[in-house]
Structures are given as C-alpha cells and as structure tokens.
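The sequence and the structure are shown first.

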Amino acid sequence: MLGPRTRAWLLRIGLIGLIAVLVVIAFRLIGEVDWHAVWYGLRYLDWWQAPALLGLFAVRQIFNSTPLVLFVPGLKLMPAVMNDQVGTMVGTMIPTPSDLVFRSAMFSSWQIPVGRGVAGTLLHKLCFYIVRYGIPIAGLFILLFSGHDLRFALWDLASIALSGGILAMLLMVMHSTQLAEACGLRAGRLVRRVRGSVDPESWSTAWGDFHDDMAELFYHGYVYAFLALFAMLAVDSTMVLASMRFAGVPSSDVSASLIVAAYLIAYPLTLFPFSGIGLIEAAVVAMVVGTGGHGVEAAAIAGMIVWRVFALGGPLIAGLLSLLIWQRIWGRETKLWQLVRTRQKPVG
C-alpha cells in the first residue's frame, strides 16, 4: 500500500494535472489569445508600479498574519508575520503537515508552548477557510448594487454554504467541551474510513483539549481576526485592480467594481495547489472579457500575470527570507534539513 506521503504527493500531482486541463479548456472558451498583445501589456509597465504593488503585498501579508497574534498568547506581530510566511512557503512546496513542523520549531524557539502555537494556527486556518469560501457573497453584492449580470456568480452559492457550515461547526465546537469531544469522535470515525490508523477516541480527547485551551481566546479575538482577513482580501482585490489598470484594462470598458467582484467570486479557487494558479486567472479573465469584450482580453491576461508574480512569488520569497532570518537569530540549533526529512513535531 502507498504511504501517506506518497498519497499526498500523488494527490497534489493529480490536482495540478486537473488544473492544467481546466485552464486550457477555460482559455479555449474565452477565445484565441493574442500573446503578442499580452507581452505588449507586460513590457510597457511603468517603473513605479512594481514598488507600489510590493507595498500592497507587504500590507496584505501583515493583515493575513494578524489572527495569529490574536490566537497565540505571547506572539508579537513581526514573529507572527515570519511564522505565517514560512508556513505558507513550506505548505506551497511540500504537502501538509510539513508547514506545522516548521511553525512548531519557530514557536518553540520563541518560548511559546508548541501546543498553544499549533492550536492558534488551526484557529487561524479555520477563520481563513470561512472567509475564503464566504467572500463570494461580497462579490455578489458588488455585482448586484453596481447593476452587473449575476449569471457569473451563481456557482459560488455552494462555496458560501460551505463557509457557513464551517462557521457553524466552529461555533458549536467552541460552545462546550462535551460537544467538542462528540464532534471530534464523529470526525475521527469518518476519517478512519479513509485512513484506518486513526483513533476516534484520541480525536475526541484532542478536540476537547482544543476547546479548553482556545475557547476564551477565540471568543475574544475572532471578530478582529475576521476583520483582519477581510482587510487582507480588500488589499488583495486592490492589487488585482491595480495590476489590470497597469496592464491597460481601461475603466471605460471594465469598471473597478466588476474587476473586484470577479476576483472575490473566483477566490475560493485558491484552494487548489499553488493558490489555484491558472484557474483563478481564467475565471477573472472570463468575467472581464464577458463584460468588456475580447478587446480587453490580452490586457486582462497581462494584468493577472502581473498580479500572480506578487501573489505566488511574493510569499515564496518572503517565506524563504523569514526562514533564513529565523535560522540565523533563533534557530541556530535547529537542523532545517532534518526537519524536512522527519516532519516530526518538535517538543517545546
């Protein structure tokens, strides 16, 4: 039988293959792409636009890391940003749970109990999932109040329902220890059907401990965590809009509200590997072309390429720099290659 690591890599390779097929289909549906025009839109970007996007990216990452400060007692903002960048980089390159291995090593080096750090990280991820799958509702409202057609957005209703389900489950788990243990037992039994080595009783205990450790922090911080994540997406949408305008998508053909709504509606596609590379671009371009016509197609593609350079390349570079800084200042005794190979949670 295949091991967990092999299955994780095979799943990731399969998803990447699926993304490639869907991207080809999407661009065929959009039409014949004039790649010379796309190159023209990329070539004539002004010098100041890259620093402007870099500044927006930095603000975006700070907002994205803010929930860690709220959910991990004793963690300051800049270490939280570093921890989040490393987790994002490692999670992008290596299948889960490798990101938790590195995050745990960093928490331990800062004298933060690893259990608390991991629990706070889980809360952060759950809040992010709720926002990721629920944010299309904001895109729907933007389309509705700006007078655009809603036909593009109906498929996001399932995503919004999923977001509501995750939120409801999280609130129920936080309501009582007994309910948390019952949910953990049920979840463990479901997972055991896929992976026979899972012990439902240990899941029940873990969920109960999670409630005891995190319920108070969650109720005191979740509103601010959601606000920070909404602010992150507002900045992200601004980056997409700016990239489109820099590449030559005129406001006379495609309004700012349509571009922002298109991005928010397509945002759940970031669940795929490498933040849904290719899929989210195709979805946004399809909505932009559907409104502005094929005359804006090349500029729209160029704009999404510019955005993707910062959205994908930025976290990888920021994560690598954060890891190197942490290793130099706090992690001198930690052997990074050993962490990569063992993926065992450090004790701290």
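Helix α7 (residues 136-145) packs against helix α11 (residues 256-266) at an angle of about 155°, and their axes lie 7 Å apart. Axes here are lines fitted to C-alpha atoms, for helices over the stretch in contact, and angles run from 0 to 180 degrees between N-to-C directions. Because of this angle, α7 is roughly antiparallel to α11; angles under 35 degrees count as roughly parallel, over 145 as roughly antiparallel, 65 to 115 as roughly perpendicular and the rest as oblique. The crossing of α7 and α11 is left-handed, the term for a near helix turned anticlockwise from the far one by less than a right angle, with right-handed used if it is turned clockwise.

On the α7 side the contact is made by Pro136, Ala138, Gly139, Leu140, Ile142 and Leu143, and on the α11 side by Ser257, Leu258, Val260, Ala261, Leu264 and Ile265. Contact means heavy atoms within 4.5 Å. The residues of this contact comprise 10 nonpolar, 2 polar and no charged. Ala, Val, Leu, Ile, Met, Phe, Trp, Tyr, Cys and Pro count as nonpolar, Asp, Glu, Lys and Arg as charged, and the others, Gly among them, as polar.

The model is predicted: local features need pLDDT of at least 70 and side-chain atom pairs count only at pLDDT 80 or more, while totals for chains, interfaces and linings use all residues. Residues are numbered from 1 along each chain as its sequence is written, and side-chain values use heavy atoms, with hydrogens and water left out.

Within α7, Pro136, Gly139, Leu140 and Leu143 are buried (under 20% relative accessible area; exposed is over 50% and partly exposed in between, with a 1.4 Å probe and protein chains only). These residues lie on the same side of α7 because they cover an arc of only 100° around the axis, the arc being that of the directions from the helix axis to the C-beta atoms. Just after α7, Gly147 has a positive phi of about 80°.

A second pair is formed by helix α3 (residues 49-71) and helix α14 (residues 297-329), which pack at an angle of about 45° with their axes 11 Å apart. At that angle α3 is oblique to α14, and the crossing of α3 and α14 is right-handed. Ala50, Leu53, Leu54, Phe57 and Gln61 of α3 meet Val306, Phe310, Gly314 and Pro315 of α14. This contact divides into 7 nonpolar, 2 polar and no charged residues.

Gln61 of helix α3 is in contact with Gln85 and Pro315, leaving aside its neighbours within four places in sequence. Val254, in the loop between α10 (200-247) and α11, touches Arg245, Val249, Ile259, Val288, Gly292 and Val296, not counting residues up to four places away in sequence. Val254 and Gly290 are 36 residues apart in sequence and 9.7 Å apart in space, C-alpha to C-alpha. Gln111, in the loop between α5 (98-109) and α6 (114-134), has a positive phi of about 65° although it is not a glycine.

| Residue | Relative accessible area | Class |
|---|---|---|
| Gln61 | 5% | buried |
| Val254 | 0% | buried |
| Gln111 | 70% | exposed |

The chain as a whole has 15 helices and 0 strands, which are DSSP runs (helices H or I, at least four residues; strands E, at least two) numbered from the N terminus. Buried residues make up 47% of its 348 residues.
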